[in-house]
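Student: I would like to learn how to read aromatic rings in a protein model. Could you walk me through it?

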Amino acid sequence: MLSKPRCCLTGLALLLVIVFLSIGTRWLDSKYWSLLAHFLVTSHNVVHIPQQQQYDMTHHYDDEDEKGPPVIDLPGPPMGFMSWERFRCEIDCEAHPDECISESLYTSMADALIEGGYVAAGYNRVDIDDCWAEHERDADTQRLVANRQRFPHGMKYLADYMHNRSMLLGTYGDVGTLTCGGYPGSKGYEILDAQTLAEWGADYLKLDGCYMEADDYATYYTRWGSALKEVADQQPIAFSCSWPAYLGDDESAKPFVQMYNESGCNTWRNFADIDNSWGSLKGIILHWAEYWKPLKDLLPTGAFHDADM
């Protein structure tokens with residue numbers, strides 16, 4: 001059992017501390033520090049973070065020209081624990097019982113977030129990443145199935161575990177034929193998979209972009225957005241799209257408005273995966289420092305960039 005969450009918690013104060021520690025004082029007078037500081041104090045999606053995130057299904061934006069049809073409305077960026085940075089796709093629970101992708105990992109992280117005071121501060125979610133599923137869909141129903149050995153009680157149990165503690169559960173899928181880790185993707189199963197997530201009680205979906213051509217992203221992310229809207233009355237699920245992370249480094253060339261207004265994405269990954277190293281963290285910070293202006297200027301009202309940390 002882990003005593004505290006080893007996760008990436010987003011927030012202004014934490015990010016500033018990390019910048020200082022990872023880059024060092026020699027950067028304080030550089031253009032990177034200046035650009036990053038400017039972005040942090042001017043971008044509306046990081047200045048104000050609510051103490052307790054709750055989905056608001058009745059919120060209306062002031063600027064009708066910018067208003068789009070997201071899957072649900074989010075009052076702030078999703079915050080909490082996601083397993084990928086530290087635990088990756090570790091599935092050997094015999095060799096690594098406390099660090100494998102399993103039911104006990106996520107329940108222990110939920111407990112640690114509560115005990116450490118993180119949930120009370122607004123970090124109220126636990127998000128599953130890749131490698132949670134069986135390698136094949138159910139032969140009869142074609143539904144996704146959680147790995148029976150590592151998730152013996154299934155995904156609805158995990159959702160109930162979080163909800164009973166005033167927390168939210170996020171899960172992971174892929175818009176292509178397979179996930180990045182080689183598990184079943186959702187291409188052609190969008191409606192069925194959305195129904196499955198709703199029945200489980202999932203609150204958030206990170207939809208990755210492996211095993212699909214870039215020209216098809218708009219079509220299939222939009223299909224997923226439509227499917228999530230169909231189940232929103234049963235279970236509202238925030239939609240995180242990894243689409244722009246697969247379109248290169250130039251943030252000024254990415255279709256953020258289309259992703260929000262047409263595909264219904266609430267938030268999206270912009271850049272490389274976070275890894276469990278200072279070098280990875282520094283690379284992401286410097287990328288955001290370089291592209292702070294298009295990241296700020298092109299962000300639709302009500303949407304949120306995701307730095308993956």
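This is a predicted model: local features need pLDDT of at least 70, side-chain atom pairs count only at pLDDT 80 or more; totals for chains, interfaces and linings use all residues.

Student: What describes a pair of aromatic rings?

Tutor: Two things do: the distance of the centres and the angle of the planes. In this model, a search of the whole structure gives eleven aromatic pairs. Take Tyr106 and Phe151, a stacked pair with 6.2 Å centre to centre and 20 degrees between the planes.

Student: Where do Tyr106 and Phe151 lie?

Tutor: Tyr106 belongs to helix α5, while Phe151 is in the loop between β2 and α6, so their pairing ties together parts that are 45 residues apart in sequence. Tyr106 is buried, at 0% relative accessibility, and Phe151 is buried too, at 2%.

Student: Why is the pair of Tyr157 and Tyr161 called tilted?

Tutor: The planes of Tyr157 and Tyr161 stand at 45 degrees, with the centres 6.2 Å apart, so this pair counts as tilted.

Student: Is Tyr161 buried or exposed?

Tutor: Tyr161 is buried, at 13% relative accessibility, whereas Tyr157 is partly exposed at 32%.

Student: Which charged residue sits over the ring of Tyr161?

Tutor: That is Arg165, whose charged end is 3.5 Å from the ring centre of Tyr161. Elsewhere, Arg137 lies over the face of Tyr189, 3.7 Å from the centre of that ring.

Student: Which residues form an aromatic cluster?

Tutor: Look for Tyr217, Tyr221, Phe239, Trp243 and Tyr246, which make up one cluster.

Methods
Residues are numbered from 1 along each chain as its sequence is written. Side-chain values use heavy atoms; hydrogens and water are left out. Rings of Phe, Tyr and Trp (its six-membered ring) pair if their centres lie within 6.5 Å; planes under 30 degrees apart count as stacked, over 60 as edge-to-face and the rest as tilted. Helices (H or I, at least four residues) and strands (E, at least two) are DSSP runs, numbered from the N terminus. Buried means under 20% relative accessible area, exposed over 50%, partly exposed in between (1.4 Å probe, protein chains only). A charge sits over a ring if NZ of Lys or CZ of Arg is within 6 Å of the ring centre and within 35 degrees of the ring normal.
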